[in-house]
Amino acid sequence: MFDNLTEKLQNTFKRMRNKGRLTEDDVREGLRDVRMALLEADVNFKVVKDFLSRVEQEAIGQDILESLTPAQGVVRIVRDQLTELMGNHVERIKMASNPPTVIYLVGLQGSGKTTSTAKLAKMLKQQGRQPLMVATDIYRPAAVDQLQALGQQIGVPVIYEDGLSPVQLVREGWQRSRQMAKDVILVDTAGRLHIDNALMDELVQMQKEVPAHETLLVVDAMTGQDAVRVAKAFKETLPVTGVILTKLDGDARGGAALSIRAVTDLPIKLIATGEKVDALEAFQPDRMASRILGMGDVLTLIEKA
Amino acid sequence: TRTRDSLGGRLRTLFQGRQWDDSLWDQLEEILFEADLGYDTVDYLLTQLREEVRISHPQRADDVMELLRHIMVDLFEKASDPTLLDPQRPSIWLMVGVNGTGKTTTAGKFAYMMKRQGYQVILGAADTFRAAAVEQLQEWGQRAGVDVISQGAGADSAAVAYDTVQAAIARSRDLAIIDTAGRLHNKSNLMQELQKVVRVIRRERPDAPHQVWLVIDATTGQNGLAQAQVFLEAVQVTGIVLTKLDGTAKGGIALSIKRELGVPIRFIGVGEKVEDLMPFDAESYVRAILGD
Ligand SMILES: Nc1nc2c(ncn2[C@@H]2O[C@H](COP(=O)(O)OP(=O)(O)OP(=O)(O)O)[C@@H](O)[C@H]2O)c(=O)[nH]1
Ligand SMILES: Nc1nc2c(ncn2[C@@H]2O[C@H](COP(=O)(O)OP(=O)(O)OP(=O)(O)O)[C@@H](O)[C@H]2O)c(=O)[nH]1
Ligand SMILES: [Mg+2]
Ligand SMILES: [Mg+2]
């Protein structure tokens with residue numbers, strides 16, 4: 001819809017210019033285009049508000065009103081601010097100095113936890129680690145089968161035993177990791193709603209039994225305004241250390257990434273871009289910023305200018 | 001034990017018993033955006049509402065909310081929905097949607113619901129791609145007490161769909177529900193694969209599928225509109241099932257889909273248990289969005 005935000009802004013400013021010199025009010029007016037683009041990208045309503053007031057200050061403080069290309073100036077500020085908000089550098093998965101490293105993947109139903117667990121295991125294996133996965137989703141039909149099938153595909157063992165509770169299963173996973181000399185334990189957990197106190201508490205109990213080095217919140221890139229509520233609730237209950245943003249091979253603009261970062265300060269550590277087990281990549285804030293604005297190509301042009 | 005989302009409560013205290021004044025427009029706008037209605041629909045609703053407020057000059061904030069509620073509910077026209085089951089037997093239903101929205105779960109819930117209404121149901125496991133998707137549906141078949149037609153993982157999904165239709169005919173079932181793999185609408189090869197499933201079903205039953213259920217996750221934002229658009233074009237979606245409404249997301253994108261594409265919401269998913277499927281009710285859906 002807003003494949004070309006710059007062009008849209010250009011037109012807006014051109015209309016204004018016809019009345020004479022651009023004023024601060026014109027910039028505010030122009031930022032409505034940006035607002036629309038951000039809301040269409042699913043950036044949280046309040047985050048958009050805060051963000052735009054920052055951009056406005058910045059834009060008015062600079063000389064872009066005088067420049068020949070105020071639209072590009074504004075877009076550049078928007079993009080820079082977006083990138084900065086999302087963290088300027090790539091965040092890595094932290095490994096424990098004293099192995100095994102314990103990584104939990106948590107999140108809402110269907111967000112991509114099980115698939116991401118296998119993808120991460122494969123990635124770590126390729127980096128020379130010895131991962132092991134623990135299946136603790138004892139609720140969803142065939143959730144364990146799913147992880148076991150993926151484990152077989154990537155050649156990573158899956159720990160599971162019928163009749164054990166999730167807390168008992170992580171303990172089992174921990175013990176087996178010692179016996180098998182594995183240095184990373186990846187815990188796939190059942191999908192749960194952030195308002196489901198009983199299931200949220202189950203995660204707390206699991207981490208009491210086997211503490212986490214990383215707790216990664218797995219979030220679907222298509223998530224709308226709810227992303228903020230979800231991320232906040234998970235962070236309040238668990239020591240969440242980062243986010244995996246999934247299904248970015250779709251055409252969702254992924255404003256959830258910005259919302260979560262702005263509200264919880266959690267870094268996006270990895271992005272998932274497909275159903276296959278190797279579709280996992282490092283998160284790049286600048287690329288995400290362009291994507292949210294729906295304007296990849298235009299930005300490369302600006303960079304060259 | 002679940003705590004309720006505080007948005008509704010906050011709004012009620014904000015509006016209740018209060019005189020209407022223009023400062024409340026911003027609050028209204030926020031409610032609508034936070035429910036994922038999207039820019040165009042919010043604009044449409046507020047324009048309509050401004051017009052009605054101009055005409056009738058409501059005094060209290062509650063009255064304005066009431067006007068808005070009416071405008072929203074009216075978008076779901078009152079005409080009764082067409083019957084679920086085709087008079088011709090078996091009826092063939094197809095579950096479609098992007099990854100992880102709740103297709104397989106809803107197929108299981110549907111099987112249970114229809115069986116309880118006295119129909120003979122059969123399930124078809126045409127998601128032959130995702131790890132253990134077949135086992136997942138088989139488990140649902142057991143819960144609902146219905147047979148599941150499947151081939152192994154990696155089989156041709158159209159072949160499974162065909163088998164399912166044939167089995168439904170041979171065993172004189174009333175209804176066959178075919179689960180399909182999750183697919184993102186922007187992947188044209190996967191959308192073509194889905195069209196092939198439909199073609200193959202039609203070889204056996206030219207009027208099928210009788211229902212194509214697009215399963216949309218209530219947490220979905222504006223992308224839901226693109227999803228609906230593409231699935232509608234590819235396989236003539238007949239209705240939407242809006243899942244995961246037991247969370248804090250309001251699923252407002254479904255209203256936008258209804259308004260812009262005319263696809264009706266017919267059922268909602270409110271949990272992970274076999275009975276957690278309910279007919280869609282416009283009144284309560286809109287009330288939930290507005291925080292009642
Ligand atoms: N296209 C695409 N699909 C994905 C991606 N990640 C996961 N999926 C798919 O999304 C669906 C759900 O993934 P799962 O890994 O089962 O999600 P989950 O969070 O474990 O789900 P529950 O355990 O049921 O809560 C599956 O169809 C996956 O193949 C991705 O990056 N891109
Ligand atoms: N809370 C809640 N969870 C649901 C609901 N419907 C489905 N789920 C859960 O959402 C997750 C995904 O459901 P599935 O039925 O596997 O989704 P799917 O669309 O078949 O997924 P793919 O086949 O991988 O694309 C599972 O954990 C389900 O238990 C619902 O109405 N409420
Ligand atoms: Mg899972
Ligand atoms: Mg499925």
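A salt bridge here is a side-chain nitrogen of Lys or Arg within 4 Å of a carboxyl oxygen of Asp or Glu. By that rule, four salt bridges cross the interface of chain A and chain B. The model is predicted.

**Extent of the interface**

- Chain A brings 38 residues to the contact, and chain B brings 45 residues.
- About 3,800 Å² is buried between chain A and chain B, and carbon and sulfur atoms give 52% of this area.
- On the side of chain A, the residues that lose the most area to chain B are I195(A), M222(A) and E275(A), which together make up 17% of what that side buries.

**Polar and charged links between the chains**

- One salt bridge joins K46(A) to E30(B), with 3.3 Å between the closest N and O atoms.
- Between chain A and chain B, 18 residue pairs are in polar contact, counting pairs in which both residues have pLDDT 80 or more.
- Four helices of chain A, namely α2 (24-40), α3 (45-61), α6 (143-154) and α9 (226-237), each supply at least two residues of the side that touches chain B.
- Sorted by class, that side of chain A holds 14 charged, 13 nonpolar and 11 polar residues.

**Residues around ligand 1**

- There are 23 residues around ligand 1, and those that come nearest are G112(A), K113(A), T114(A), T115(A) and D249(A).
- Helix α5 of chain A (residues 113-126) gives the largest share of the shell, four residues.
- The shell is made up of 12 polar, eight charged and three nonpolar residues.

**Atom distances at ligand 1**

- The side chain of K113(A) has an N or O atom 2.6 Å from an oxygen atom of ligand 1.
- For E275(A), a side-chain N or O atom is 3.0 Å from an oxygen atom of the ligand; E275(A) is also one of the residues of chain A that lose the most area to chain B.
- From chain B, N99(B) places a side-chain N or O atom 3.3 Å from an oxygen atom of ligand 1.
- On its own, ligand 1 has 650 Å² of accessible area, and the protein covers 96% of it.

Definitions and conventions:
Residues are numbered from 1 along each chain as its sequence is written. Chains are lettered from A and ligands numbered from 1 in the order in which they are written. This is a predicted model: local features need pLDDT of at least 70, side-chain atom pairs count only at pLDDT 80 or more; totals for chains, interfaces and linings use all residues. Side-chain values use heavy atoms; hydrogens and water are left out. Contact means heavy atoms within 4.5 Å. Buried area is the accessible area (1.4 Å probe) that two parts lose on being put together, summed over both. A polar contact is a pair of N or O atoms within 3.5 Å; within protein, one must be able to donate a hydrogen and the other to accept it, and residues adjacent in sequence count only if both atoms are side-chain atoms. Ala, Val, Leu, Ile, Met, Phe, Trp, Tyr, Cys and Pro count as nonpolar, Asp, Glu, Lys and Arg as charged, and the others, Gly among them, as polar. A residue is near a molecule or strand if one of its heavy atoms lies within 4 Å of it. Accessible areas come from the Shrake-Rupley method with a 1.4 Å probe; for residues, only the protein chains shown count as cover.
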